[in-house]
Amino acid sequence: MFSNSEVLINLLVISGFILIHLASIFLLDKNGDVQFFHSFAAGVGVSYAIIHLLPHLAYFQSVLIDEFGWSSGILYTHGIYALVLLGLVLSYIAYKIDERSFSILAKKDLASAEKAYFWSDISFHMLYNVMIGYLVIANILDAPFYVLTYFVAFGLHFLMNDWHLFHHHGTRFTQIGRFLLVGSILTGAVCSMFLILPYFVLVSIEAIITGALLMNIIKFELPEGGEGSIQIFLIGTLCSGMLFVFI
């Protein structure tokens with residue numbers, strides 16, 4: 001059972017994520033600051049994934065080994081990493097299906113294609129948010145520094161996701177999409193209060209989210225070409241990397 005302080009901390013994290021979704025369209029200037037924050041957020045995301053999440057997978061693997069009694073074989077050594085790969089692959093497939101479906105439908109009816117693309121895209125992000133909302137409440141975010149790193153890393157990640165959605169869907173996102181993301185975060189949090197999943201399921205979900213996070217960072221957040229700033233990316237990487245190492 002969680003203590004009152006742990007429950008309060010988890011609820012504050014959920015509230016922070018909700019505020020980010022609601023305020024994301026007002027936090028950044030639509031011209032210059034977006035690229036700056038994209039680069040910084042990418043640096044933080046890369047550091048968080050590599051320095052914190054990936055090493056943590058070894059512990060997740062031990063949870064699966066204890067649960068299923070694996071003593072040898074490929075699942076004994078690579079079970080959790082297969083789930084990370086699954087998360088990355090599913091995220092990439094969802095992105096490519098959306099992209100190709102839009103290209104095909106746009107040739108026939110652009111308005112219908114844009115609407116279908118929006119609902120497909122936002123549905124994937126809603127599912128992603130439900131899982132994170134569930135994990136925030138179900139997991140013990142007790143250490144203050146761990147809470148801080150979790151909130152900063154995923155908060156920036158949510159902010160960049162929102163800007164990606166705004167860039168592709170415009171007013172549909174501002175009028176409908178961001179509120180659906182808020183609802184999905186709340187849905188996951190509420191579900192965790194009534195639906196108690198085994199711990200090995202929780203770590204499996206977190207491994208899948210890790211894969212999805214890595215795909216999003218690689219595909220959408222890393223600066224490329226003339227976009228973004230390598231200097232700001234390096235600042236985000238080094239500063240957050242040192243913070244995560246000390247934690």
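Helix H6 gives the largest share of the nonpolar patch, three residues. This is a predicted model in which local features need pLDDT of at least 70 and side-chain atom pairs count only at pLDDT 80 or more, while totals for chains, interfaces and linings use all residues. Residues are numbered from 1 along each chain as its sequence is written, and side-chain values use heavy atoms, with hydrogens and water left out.

The patch lies on the surface and is formed by Val 7, Leu 11, Val 190, Met 193 and Phe 194, which together have about 490 Å² of accessible area (Shrake-Rupley method, 1.4 Å probe; patch residues have over 30% relative accessible area and no salt bridge, with nonpolar side chains joined within 5 Å; a salt bridge is a Lys or Arg side-chain nitrogen within 4 Å of an Asp or Glu carboxyl oxygen). Two or more residues each come from H1 and H6, and Met 193 is placed in H6.

The helices (DSSP runs of H or I, at least four residues) named here are these:

| Helix | Residues |
|---|---|
| H1 | 4-27 |
| H3 | 74-106 |
| H6 | 171-194 |
| H7 | 199-221 |

H3, with 33 residues, reaches 44 Å from its first C-alpha to its last, close to the expected 48 Å (1.5 Å times one less than its number of residues). It bends by about 35° at Ile 80, the angle being taken between axes fitted to the seven residues ending there and the seven starting there.

Beyond its neighbours within four places in sequence, Thr 210 contacts Leu 53, Leu 54 and Val 84 (heavy atoms within 4.5 Å).

Key. Patch = residues over 30% accessible without salt bridge, like charges linked within 9 Å, V, L, I, M, F, W, Y side chains within 5 Å.
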